[in-house]
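User: Hi! Could you walk me through this model?
Analyst: Happy to, here it is.
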Amino acid sequence: MNKKRSRLLLKGLVWLLGLAPAVWLFWRGFTHRLGANPIEEVLHRLGDTALILLLVTLSITPIRRLTRWTSLAPLRRTIGLFAFFYLTMHFLWYAIVDQTLDWEFIVEDIVMRPYILVGFTAWLLLIPLAITSTRGWIRRLKKNWQRLHRLVYVSIGLGVLHFYWQVKADTYWPIVATTALVVLMLLRFPWRRRSGQASPGGQVLAAGQPGDKVSSATQGSSSD
Amino acid sequence: MLIRKPADIPSSEITPERVYINRREFIGKSAGIALGGAAGGALIGGGIGGGAHHLSAQTPGGQRDWSTVRSERDEVLTPYEDVTSYNNFYEFGTEKEDPARNAHTLQPRPWTIEVGGLCANPGVYGLEDFVRTGTMEDRIYRMRCVEAWSMVIPWYGFALKDVIDRADPLGSARYVEFKTLHDPVQMPGQRSRVLDWPYVEGLRMDEARHPLTILATGVYGRDLPNQNGAPIRLVVPWKYGFKGIKSIVSMTFMEQEPYNTWKRSASSEYGFYANVNPEVNHPRWSQARERRLGELRRRETLLFNGYIDQVAGLYAGMDLRVYY
């Protein structure tokens, strides 16, 4: 009862936090607080939000392991989907508003500008993950689901690179993002080894342990 | 007032006293309403400019009514509010809004400018003496940033050539170098190592003497706000905005090419010439188009920012891909 209630509360909180950036942008737009270059401002804020939320999804497993607070696990999918939502908005805003659907230039950007290619790839990689985030797909794909969802690491890496690559001189925030990514990655690998039965690749240990990915994902789906 | 008012604006362009008095009344009355000032200005500025904020209409002292003013290509001016709130001036932070927020620490008066190097008449001038030679006037220029956005700005200033002639450079002087104030107390952004301070820019002598090249002390007929490079800055309209060095404290004539700050920061991306050129892309992004602030669809970028007839001769025979 109590557990159920706290889970609901947590879920509500995640939805609130997930929607807050969009509401904030809308509010700024309606009250003309987006500055002199609103198109660029919205584009950048959508991108920031997507990257931050992706990093948050990465932080769930380490936090859960440190705090043993297992009720965090189901939130990962929700946050991940919010991240995908913002990333999709980021791309659509770029294509529709920033480039006014001038395909010639969009294609040139994607092909010729490495930072755009990298960002575009990061988004493409997340599409199958978003599609297969449902309970049905988790069941259908079994162990391959986990394998597939490791793409999120590649996607976040590309996202950070995309961010880094467009900065003119002030690399402060890209460095913060890179540091966060590195720390979050370092936090997960030693844990796996320590808890593992020396299994190469880690898939085997994923099978039965309460703290691993597959079970947390299924937990997530069953409670969602 | 340190700077002379433009004496050469046709009287037809000066707002009749009756009109501006009415304007003040209107603004006074609407001040009680929420958004009073801005809305009042927009209503009166009215008409074709149609932008959301025509602060110009509220210019004190019945100065020029900017709302009807257009560039030589019939372009609408970028609103004063945008010109003064969206700035690249890393001395006050690297976000566009940072300079407007942080530049209050700059003290543009008193101000001195040192003229030196290869010239017959070096000296240290107070700002008032430095600008005395020049004929002050309004100049409406496009400003194209290397980041692919642009504005149309009514500067107020005088030809750089005027102060060059007074300095009387030697025959060996092939370039002129400018420096921005270096004072981390007044310019807190200089505490960070994001660029190599002080900011340095330069021009070849023929570019510097070109009639389009000006030193601006004002914008929209008023003194430059700190975030726009008070009290005096360079404006070279056919080059990317970063050539327009702000808050200038020195001007040095030299034989070798000045090593400008952005070139020093990333020489594969930013060169000495920095001429606006849609054919020569930045290594990371396209320069073919630009976003004019306030417009939805991007515009085609013009070679030499549309000043090709006036400046193409300066670069005859030069490979603009090499000298970017």
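Analyst: One term before we start: two strands pair if DSSP finds at least two bridges between them. Helices (H or I, at least four residues) and strands (E, at least two) are DSSP runs, numbered from the N terminus. This is a predicted model, in which local features need pLDDT of at least 70, side-chain atom pairs count only at pLDDT 80 or more, and totals for chains, interfaces and linings use all residues. Residues are numbered from 1 along each chain as its sequence is written, while chains are lettered from A and ligands numbered from 1 in the order in which they are written.

User: Thanks! In strand 6 of chain B, what is the bridge partner of Phe178(B)?
Analyst: That is Glu201(B). Strand 5 (residues 175–180) of chain B pairs with strand 6 (residues 200–204) of chain B in the antiparallel sense, over five bridges.

User: And which residue of strand 10 of chain B does Thr180(B) stand opposite?
Analyst: Ile248(B). Strand 10 (residues 248–254) of chain B is also antiparallel to strand 5 of chain B, with six bridges.

User: How many residues of strand 5 of chain B are buried?
Analyst: Six of its six. Buried is defined as 20 or more other C-beta atoms within 10 Å of a residue's own; exposed is 12 or fewer, partly exposed is in between, and C-beta atoms are placed from the backbone. One side of strand 5 of chain B has Tyr175(B), Glu177(B) and Lys179(B), and the other has Val176(B), Phe178(B) and Thr180(B).

User: Switching to chain A: how many helices and strands?
Analyst: Chain A has 11 helices and zero strands. Buried residues make up 29% of its 224 residues.

User: Which residues are buried in helix 5 of chain A?
Analyst: Ile116(A), Val118(A), Gly119(A), Ala122(A), Leu126(A) and Leu129(A).

User: What covers them?
Analyst: The cover includes helix 3 (75–98), helix 4 (103–112), helix 7 (143–149) and helix 8 (151–165) of chain A.

User: How many residues does each chain bring to the contact between A and B?
Analyst: Chain B gives 18 residues and chain A gives 14, where contact means C-beta atoms, placed from the backbone, within 7 Å.

User: Last one: where does pLDDT stay under 50 in chain A?
Analyst: Over residues 196–224. pLDDT is the predictor's confidence in each residue, from 0 to 100, and the mean for chain A is 85. Where pLDDT is low, the predicted coordinates should not be read in detail.

Methods: Contact = placed C-beta atoms within 7 Å.
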